[in-house]
Amino acid sequence: NNISKSNSIVFGILNAVNEMVFKDRVTSSIIIFIGVLIKICCWLFISNVIKVGKSRFFLENRRYEKTKLRRILFAYEDKKYKNVAFVMFKKELYTFLWSFTIIGGIIKHYSYYFIPYILAENPDIKFKEAVKLSKKMTYGYKKKMLLLDIYFGLYYIFGILSFNIFI
């Protein structure tokens, strides 16, 4: 009945799972926990690795006109995604922990800013080396980077308030 009522197998299966699972609180919490684990794994092994792939695409596209979009997945193709995911996880973790201090969070955000680009050029690099290089690259430019983010933020706010008529 559940499958034939909606004329969709997928919705029927989802309806059956919903009725079976969410009658008991323990099972619903297990399902939610599994969903959270899946979300974390997707963030760690897909989203963060694709951020580095995006940086790789931009770096290659700057030099070569016919860069293929599949270069976004270079870490998977070269089987370097584990180190890339680990370094990006540590970057996000350190940025999160530094964000508990207001000034430290802003400074460290910009100190770690170029880690995806460093990983895009060298996916085997260790976290400490990537941080050291990123700090060296941003030395003396953090204030300019912050001002640039503020200007772009104001630009986007102006666009939203004006319904993008002038932009």
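Guide: Apart from neighbours within four places in sequence, Thr-95 is in contact (heavy atoms within 4.5 Å) with His-109 and Tyr-112. This is a predicted model, in which local features need pLDDT of at least 70 and side-chain atom pairs pLDDT 80 or more, while totals for chains, interfaces and linings use all residues. Residues are numbered from 1 along each chain as its sequence is written, and side-chain values use heavy atoms, without hydrogens or water.

With a relative accessible area of 16%, Thr-95 is buried (under 20%, against over 50% for exposed; 1.4 Å probe, protein chains only).

Helix 5, residues 81–98, is also one of the elements that cover the buried residues of helix 8, together with helix 6 (102–111), helix 7 and helix 9 (142–161). Those buried residues of helix 8 are Phe-127, Ala-130, Val-131, Ser-134 and Thr-138. They share one side of helix 8 because they cover an arc of only 100 degrees around its axis (taken from the directions to the C-beta atoms). On the other side of helix 8, Lys-128, Lys-132 and Lys-136 are exposed. Just after helix 8 comes Gly-140, with a positive phi of about 85 degrees.

Turning to Val-52, its contacts beyond four places in sequence are Phe-74, Val-84, Met-88, Pro-116, Leu-119 and Ala-120.

Conventions
Helices (H or I, at least four residues) and strands (E, at least two) are DSSP runs, numbered from the N terminus.
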